[in-house]
Amino acid sequence: MDTGALLVILGKQGAGKGTQCVMLSRYYAIPHISSGDMLRSNVRQKTPLGIKAKAAMDAGELIPDEIVTEMIKARLLQDSAISTGFILDGFPRTVSQAKALDDYILPNKFDAVINLDVPQAVVLKRLASRRVCQDCQAVYSTSMPPKVNWTCDICGGEVVQRDDDTEESILRRLELYDKETYPLIDYYTKANILKNINGVGATEVVLKRSIKAIDSALKLRKD
Ligand code: ADP
């Protein structure tokens, strides 16, 4: 079975995962599967999952592992994502989620786990000024707004501050990142698939760094 690329992206809130994933998903022609986007879409559509998850998300708490794992597994079964490749963003976020994913797809099947590395001071600044399109999730900032009156340049959707981009929630999410998600760096280093990418710099420059690392992993797989 030939796949595009099987990728996971890790990185703190505000590291630029969403922006990089949109570009990587175009470059490798693979779907961008974001647990946060899926949950926010459930919240907007007021599904039972969305109604249950909203308060925890706004407060920056994690959704229970089993619920998120089921949601992602169901998504991976759609349009044969596993055979065509994908980039997973926001999942796994805990060691328990990584183990659940292992039961499904062995770590050595992944081409790379990208760790987008950005210092805390930089992410805090980015998060405070971040604005996103409610419809297509394109990311803007107060210093780089859309061209016309907070209307998305790409899809015309409304560009807003996320409900969980409050100071309190941002600090809680960063705290949980260190406690729950950071151990995954060790987990995937041991599996020999972690690629550390410097996430500071222009988006195109960061993209080139990621592509270089992924392409060398893909070449190794083909050789
Ligand atoms: P961020 O990385 O900025 O916190 P995300 O869009 O990845 O944003 O996630 C938003 C929220 O959705 C999280 O704070 C959490 O409540 C929930 N969430 C997303 N992915 C997961 C996950 N894998 N496990 C548990 N909760 C999750």
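How much accessible surface does the chain have, and what share of it belongs to carbon and sulfur atoms? The accessible surface amounts to about 11,600 Å², and carbon and sulfur atoms contribute 55% of it.

## Model and overall fold

The model is predicted. Its chain contains ten helices and eight strands. The radius of gyration of the chain is 17 Å, close to the 17 Å given by the globule rule for 223 residues, so the chain is as compact as a globular protein of that length. Along the principal axes, the C-alpha atoms fill a box of roughly 50 × 40 × 35 Å.

## Burial and contacts

Of the 223 residues in the chain, 48% count as buried. Among contacts with a separation of 6 or more, 70% are between residues 24 or more positions apart.

## Helices α2 and α4

Two packed helices are described by the angle between their axes and the distance between the axes. For helix α2 (residues 35–44) and helix α4 (residues 65–77), the axes come within 11 Å and cross at roughly 100°. Angles of 65 to 115 degrees count as roughly perpendicular, and α2 and α4 are therefore roughly perpendicular to each other.

On the α2 side, the contact is made by Ser35, Met38 and Leu39. Helix α4 contributes Val68, Met71, Ile72 and Arg75. The residues of this contact between α2 and α4 comprise five nonpolar, one polar and one charged.

How values were computed
Residues are numbered from 1 along each chain as its sequence is written. This is a predicted model: local features need pLDDT of at least 70, side-chain atom pairs count only at pLDDT 80 or more; totals for chains, interfaces and linings use all residues. Side-chain values use heavy atoms; hydrogens and water are left out. Axes are lines fitted to C-alpha atoms, for helices over the stretch in contact, and angles run from 0 to 180 degrees between N-to-C directions. Helices (H or I, at least four residues) and strands (E, at least two) are DSSP runs, numbered from the N terminus. Angles under 35 degrees count as roughly parallel, over 145 as roughly antiparallel, 65 to 115 as roughly perpendicular and the rest as oblique. Contact means heavy atoms within 4.5 Å. Ala, Val, Leu, Ile, Met, Phe, Trp, Tyr, Cys and Pro count as nonpolar, Asp, Glu, Lys and Arg as charged, and the others, Gly among them, as polar. The radius of gyration is taken over C-alpha atoms; the globule rule is 2.2 Å times the number of residues to the power 0.38. Buried means under 20% relative accessible area, exposed over 50%, partly exposed in between (1.4 Å probe, protein chains only). Accessible areas come from the Shrake-Rupley method with a 1.4 Å probe; for residues, only the protein chains shown count as cover.
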